[in-house]
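Please open the structure in your viewer and keep the selection panel at hand. This tour goes from one stop to the next, and each stop tells you what to select and what is there.

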There are 2 protein chains.
Amino acid sequence: MKEKIKETYLKLKSESGSHSPSIETLLEIIGESTLKHDFCFLSNPLATGIFKSELDDLIKDKLKWNRTVEAYPPQNRAIASYLSQVLKVNQENIIIGNGAVEIIQMVLHKYVKENIMIILPTFSPYYEYLNDTIRIEYFHLKKENDFQLNTGELISQCRDKGIKNLVLINPNNPTGTYMPRKEVLNLFSELKELDNIIIDESFIDFAYEGEFEANLSTVNHIKDYPNVILVKSMSKDFGIAGIRCGYGIMNKEKVDELLETGYLWNISGLGSFFFKTLSRPDFIEKYKKVKVEYLKTTIKFFENLIKIGNTHSNKIRVYPSNANFILIEGLNGITSEYLTINLLAEHGLYVRDCNDKIGLEGDFIRVAARTQKENEYFLNSLNSLLL
Amino acid sequence: MKEKIKETYLKLKSESGSHSPSIETLLEIIGESTLKHDFCFLSNPLATGIFKSELDDLIKDKLKWNRTVEAYPPQNRAIASYLSQVLKVNQENIIIGNGAVEIIQMVLHKYVKENIMIILPTFSPYYEYLNDTIRIEYFHLKKENDFQLNTGELISQCRDKGIKNLVLINPNNPTGTYMPRKEVLNLFSELKELDNIIIDESFIDFAYEGEFEANLSTVNHIKDYPNVILVKSMSKDFGIAGIRCGYGIMNKEKVDELLETGYLWNISGLGSFFFKTLSRPDFIEKYKKVKVEYLKTTIKFFENLIKIGNTHSNKIRVYPSNANFILIEGLNGITSEYLTINLLAEHGLYVRDCNDKIGLEGDFIRVAARTQKENEYFLNSLNSLLL
């Protein structure tokens with residue numbers, strides 16, 4: 001059985017390129033009973049619950065539900081107007097994406113010319129989706145420094161190498177390292193000569209600076225930096241990857257130009273319903289509660305993982321994280337494949353084997369934070385695996 | 001009241017560019033009670049019903065429904081493998097789109113260079129989404145000939161003008177004119193020297209050549225013509241525009257190249273569920289039944305519209321159609337705006353005012369076929385408007 005799961009997993013993994021096979025694809029082959037919890041996908045499961053309850057109400061309203069399935073959804077700008085109220089950003093600076101990855105794709109294809117600086121390890125579409133002709137310069141985060149970014153060094157490398165485009169993910173995926181907003185704004189100010197700075201804040205809601213409800217995003221500062229493009233996924237903080245919702249904030253000229261030649265009906269009826277729901281203050285209040293609850297659970301989970309790491313410091317190392325996922329490195333012959341396959345086959349836990357992540361040397365797995373109960377199950381499983 | 005509806009409609013129309021405002025956007029302003037039936041959107045409402053019933057089952061299965069919302073859907077190639085069985089087309093020649101319009105967009109942006117021949121009137125994204133640098137040549141269908149395409153003339157114009165790319169929509173939108181498959185294949189053979197022939201068959205299921213169940217598509221011939229790209233929407237025949245599903249069939253090199261730099265997770269959980277459902281033979285059987293039922297209803301509806309046209313030949317002209325929509329031209333001072341606004345304000349009927357369609361000179365509205373009951377209501381409303 002274990003051998004079969006191993007074989008299946010390795011086959012699927014090799015077919016999925018630099019991403020994990022989707023849970024649906026995985027389940028089709030290994031069967032529902034094998035998998036207990038998905039620690040690969042990086043979302044707040046409590047938030048999924050509050051949106052699902054809104055969906056239940058929609059489905060009960062036969063006329064509206066029928067229209068959600070049957071009719072063309074509102075156009076991009078109409079949906080941007082719902083979001084404009086929530087973010088307090090002008091509608092003309094917002095473009096809605098079929099997932100954040102569509103924003104990444106459109107911006108890389110249309111605006112990145114000549115060269116780009118990518119900080120490694122990173123989310124792979126940032127280099128995979130580039131046109132052939134673009135020169136890529138990599139800036140390496142070092143595990144010896146817990147993957148912390150040295151911004152002074154980054155700025156001087158950008159200047160020395162004549163860099164035109166830069167990608168910042170904050171908190172960074174897959175390292176979970178975080179830069180305070182002040183430092184990010186400082187980078188924006190220092191790098192005004194760049195064509196584009198792409199700041200991806202898809203995990204910003206999971207960062208924590210001592211106050212659970214603080215808004216750490218740079219979203220309301222983008223207007224001051226015409227070369228900055230903010231990318232945001234809704235899949236993670238709202239736990240709705242299946243709905244495909246994301247957005248970009250950028251200068252009006254770019255939004256106009258992109259919408260002139262595409263992206264008119266790129267949001268589904270459910271996606272449009274999500275953005276409309278988001279514009280209701282009572283929904284935001286509910287969301288904030290589950291966000292704080294999830295953050296508290298996550299912080300505790302990571303503390304416990306670090307404890308396990310300290311107990312088994314000859315077998316694994318657990319890195320600090322300021323997001324909702326954490327890197328664990330296998331040491332002394334414990335490979336990432338060993339950890340991934342054993343967690344799956346013996347405990348039904350799906351984690352992200354990072355052995356395909358360029359710029360991440362060593363045997364890393366990435367583990368998401370889930371509900372308290374699921375996290376406890378994970379801690380016990382990992383403990384028993386290391387005994 | 002009527003004045004207010006008129007004013008609202010005209011404002012929304014001007015904001016929606018060359019497309020109609022979505023029904024959701026329209027309803028937000030004019031209110032649910034004003035609108036009875038949507039004759040603007042071109043879908044088979046019976047098909048929506050059979051998919052909705054599948055959706056009901058999905059929603060009852062809590063685990064699967066939760067996963068549809070929460071988890072990342074399968075990747076593009078995994079979904080293409082479901083469709084491959086249905087179409088009997090190799091998976092490697094299929095790319096799945098977030099609506100057919102995403103296929104149009106990706107193909108125009110990536111593969112259309114130098115120039116393109118567009119047959120007018122047409123679906124506007126075919127010229128709107130083109131890069132700035134592309135020279136557009138228009139080939140005009142003439143209302144005097146009931147908008148029938150003269151293929152000999154088209155071929156010689158393509159040759160005379162050194163055309164590299166051609167768009168064919170069959171049946172054509174908004175004219176409803178149809179070319180038999182044999183004639184389309186002849187065009188493919190004659191125009192092998194073109195870089196790309198885009199054949200959009202989004203309405204092919206509504207065409208009728210004397211046998212209700214005949215497959216009139218060229219889909220199984222695309223492999224013989226490496227320069228042909230087939231575009232297909234699922235929104236029309238399956239009545240699911242809100243789910244955003246479409247696909248493209250093209251040579252393997254193009255599919256590989258497109259997927260290398262994007263479109264990995266462009267389908268939602270519901271979209272993936274739709275394609276999976278489509279691969280079930282029992283679902284296809286159900287669909288075929290409602291397709292035939294809808295075709296019969298549609299043919300009768302159009303016959304009745306043509307009768308009304310003949311009765312009021314000083315006021316309107318109704319053009320023949322071989323799709324699920326039909327063009328009506330207002331004559332002698334009856335404008336398309338007059339028809340649109342009066343149908344909406346007095347009868348709650350939403351139709352497509354074609355006054356923004358380039359290459360359609362005159363006062364045209366486009367009317368979709370709906371259920372028998374809705375069609376009858378439409379016929380009575382139009383009759384009373386013309387009295």
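**A stop in a loop of chain A**

Begin by selecting A:P174, which lies in the loop between β5 (165–169) and α9 (181–190) of chain A; helices (H or I, at least four residues) and strands (E, at least two) are DSSP runs, numbered from the N terminus. A cis peptide bond, with omega of about 15°, joins A:N173 to A:P174. Most residues other than glycine have a negative phi, and most peptide bonds are trans.

Before going on, note that this is a predicted model, in which local features need pLDDT of at least 70 and side-chain atom pairs count only at pLDDT 80 or more, while totals for chains, interfaces and linings use all residues. Residues are numbered from 1 along each chain as its sequence is written, chains are lettered from A and ligands numbered from 1 in the order in which they are written, and side-chain values use heavy atoms, with hydrogens and water left out.

**Positive phi in chain A**

Select A:D146 next, in the loop between β4 (135–140) and α8 (151–160) of chain A; A:D146 is not a glycine, yet has a positive phi of about 55°.

**Across to chain B**

Move to B:P121, in the loop between β3 (115–120) and α7 (125–128) of chain B, where a cis peptide bond with omega of about -5° joins B:L120 and B:P121.

**Where the chains meet**

Finally, show both chains together: the contact (heavy atoms within 4.5 Å) takes 64 residues from chain A and 64 residues from chain B. How many salt bridges are there between chain A and chain B? The count is 2, a salt bridge being a side-chain nitrogen of Lys or Arg within 4 Å of a carboxyl oxygen of Asp or Glu. To see a salt bridge, select B:E70 and A:R370, whose closest N and O atoms are 3.4 Å apart.
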